[in-house]
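Here is a friendly briefing to read alongside the structure. Have the viewer open and follow the topics in turn.

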Amino acid sequence: MSVPVRIAAPTALVFALVLVLSACSATRTKGEGGADKRPATAGHPVAGKADAASGVVLHAERTTPTDIDLRWRGGGSGASGHVLEFATDESGPYTVLQYLPPRVTSYRHPDLIPNTTFFYRLRAFRGPVSKAVSVTLPKGELTAEAENSSHDWLPARKDPKRTVPGRPLRSTGAGAPTGFKATVKHANGILFTWTDRASDEAGFLLEARTRTGSAYEPVVVLDPDVNSTGLITLPAEKEASYRVRAFTYGERSNVVRLTTGESTGP
């Protein structure tokens, strides 16, 4: 059982979570090298090797001494999105910065440590989604009673009653989660449950599309075999549509690296 953590946690949400939960560490993945050995500078980021099937070309630019902008292109169709990762050593470990939908092709990594070399890479992820459900939360903020309640519904769980003999995502594209349900717990909280029908997933992504949003965005990444999680919502999510995706990882992009400059702060 683990606490669900937002893929990108705004300050307001972090504050809300702190009310009821302890913090969790970021996702780290094993490094696989790939960058060449030439020195990197702000004007000449170094590109390494990519998977032959990737086709995604990653570029990096130091826009201030401690801000790095990343852009990418290519990749073709079929990917459900990309995972952007960074490390401070060529061999890793790499830390996940963000799970991104396929339409997103840029990211700013701000406020970095001065005089430090950073390595970046993208990995594709793909997998089928459940049917979506629409949720309208009660108006207003949490009541004192709701805020002080146990929130035992919030941690991610693996319930064997909602797991069936799975199908492989990687070879068939089948295995979409079924029976996806949303239960409103209070003005800022929703419990999601579903049936796991995949056999080789790397995890699940809870995705949301707000009332004014044009597309679904990954909001929480979950471990394999999880089939229940709670979510503390943002103000924009009072009315939103949600779905869950079983996913596997695909090809990698090239690796780029840049070294930050001197800090200009106080």
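Which residue in β7 is the bridge partner of Leu70? The partner is Tyr107. Please keep in mind that this is a predicted model. The chain has 266 residues, and buried ones make up 45% of them.

**The open sheet**

- Three strands, in the order β3-β4-β7, form an open sheet with antiparallel pairing.
- At the edges stand β3 (57-64) and β7 (106-109), each with a single partner strand, so one side of each has no neighbour in the sheet.
- From one strand to the next, the twist averages 20°.
- Strand β4 (residues 67-73) runs antiparallel to β7, and four bridges join the two.

**Nonpolar cores**

- In general, nonpolar side chains tend to be buried together in soluble globular proteins.
- Here, the largest nonpolar core has 22 residues. Phe180, Phe192, Trp194, Leu206, Leu222 and Tyr242 are the ones with the most contacts inside it.
- At least two residues of this core come from each of β9 (133-136), β12, β13, β14 (217-222) and β16 (239-252).
- Another core, of 17 residues, lies apart from the largest one, and its members include Val56, Ile68, Leu84 and Tyr120.
- Phe180 is worth a click: leaving aside neighbours within four places in sequence, its contacts include Ser130, Lys131 and Val133. On the same terms, Phe180 also touches Phe192, Thr193, Trp194, Leu206, Tyr242, Arg243 and Val244.

**Aromatic pairs**

- The structure holds 10 aromatic pairs.
- In one of them, the ring centres of Phe86 and Phe118 are 6.2 Å apart with the planes at 40°, so this pair is tilted.
- Phe86 belongs to strand β5 (residues 81-87) and Phe118 to strand β8 (residues 117-126), so the pair ties together parts that are 32 residues apart in sequence.
- Phe86 and Phe118 are both buried.
- The rings of Trp194 and Phe204 also form a tilted pair, because their planes stand at 55°, with centres 5.8 Å apart.
- Since Trp194 lies in strand β12 (residues 189-198) and Phe204 in strand β13 (residues 203-210), that pair ties together parts 10 residues apart in sequence.
- Trp194 is buried, as is Phe204.
- Ring pairs link Trp194 and Phe204 into a cluster with Phe180, Phe192 and Tyr242.

**Charges over rings**

- Where does the charged end of Arg121 sit? The charged end of Arg121 is over the ring of Tyr94, 4.0 Å from the ring centre.
- Over the ring of Tyr216 sits the charged end of Arg243, 4.0 Å from the centre of that ring.

- Leu154 lies in the loop between α2 (144-147) and β10 (163-167).
- Is Leu154 buried or exposed? Its relative accessible area is 1%, and buried means under 20%, so Leu154 is buried.
- Leu154 and Ile232 are 78 residues apart along the chain, with their C-alpha atoms separated by 8.2 Å.
- Across the chain, 76% of the contacts with a separation of 6 or more are between residues 24 or more positions apart.

Conventions: Residues are numbered from 1 along each chain as its sequence is written. This is a predicted model: local features need pLDDT of at least 70, side-chain atom pairs count only at pLDDT 80 or more; totals for chains, interfaces and linings use all residues. Side-chain values use heavy atoms; hydrogens and water are left out. Rings of Phe, Tyr and Trp (its six-membered ring) pair if their centres lie within 6.5 Å; planes under 30 degrees apart count as stacked, over 60 as edge-to-face and the rest as tilted. Buried means under 20% relative accessible area, exposed over 50%, partly exposed in between (1.4 Å probe, protein chains only). A charge sits over a ring if NZ of Lys or CZ of Arg is within 6 Å of the ring centre and within 35 degrees of the ring normal. A nonpolar core is a set of buried Ala, Val, Leu, Ile, Met, Phe, Trp, Tyr and Cys residues joined through side-chain atoms within 4.5 Å. Contact means heavy atoms within 4.5 Å. Two strands pair if DSSP finds at least two bridges between them. Axes are lines fitted to C-alpha atoms, for helices over the stretch in contact, and angles run from 0 to 180 degrees between N-to-C directions.
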